[in-house]
Amino acid sequence: MNRAQTGVCGTCRHAKRLTTRGGGDILLCRLSETDSKFPRYPALPVLSCPGWSAPEAVS
Ligand code: SF4
């Protein structure tokens with residue numbers, strides 16, 4: 001999945017990319033585990049999202 005396909009989820013720390021048994025790519029929003037306002041599998045591309053958060057810095 002590229003940025004055009006994912007939208008802002010592609011750069012969000014809450015996003016986790018998964019591969020389906022059929023070989024397709026899907027994106028899991030881990031924020032959905034603690035906040036029901038966010039769908040577990042957002043409809044992509046997501047153009048803006050109040051839950052977006054920058055990836056954690058790697059030291
Ligand atoms: S919080 Fe928003 S931008 Fe981040 S993964 Fe979930 S739906 Fe995508």
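This briefing covers the fold, the strand pairing and the ligand shell of one protein model. The model is predicted: local features need pLDDT of at least 70, side-chain atom pairs count only at pLDDT 80 or more, and totals for chains, interfaces and linings use all residues. Residue numbers start from 1 along each chain as its sequence is written.

**Overall fold**
- The protein has 1 helix and 2 strands, where helices (H or I, at least four residues) and strands (E, at least two) are DSSP runs numbered from the N terminus.
- Their order from the N terminus is α-β-β.
- The radius of gyration, taken over C-alpha atoms, is 11 Å, close to the 10 Å that the globule rule gives for 59 residues, so the protein is as compact as a globular protein of that length. The globule rule is 2.2 Å times the number of residues to the power 0.38.
- The C-alpha trace spans about 30 × 30 × 20 Å along its principal axes.

**Strand pairing**
- E1 (residues 15–19) pairs with E2 (residues 25–29) in the antiparallel sense over 5 bridges; pairing requires that DSSP finds at least two bridges between two strands.
- Arginine 17 has leucine 27 in E2 as its bridge partner.
- The hairpin of E1 and E2 has 5 residues between the strands, and glycine 23 takes a positive phi near 95 degrees there.

**Ligand shell**
- The ligand is surrounded by 13 residues, the closest being Cys9, Cys12, Cys29, Cys49 and Gly51; a residue is near a molecule if its C-beta atom, placed from the backbone, lies within 6 Å of it.
- This shell contains 11 nonpolar residues, 2 polar and no charged. Ala, Val, Leu, Ile, Met, Phe, Trp, Tyr, Cys and Pro count as nonpolar, Asp, Glu, Lys and Arg as charged, and the others, Gly among them, as polar.
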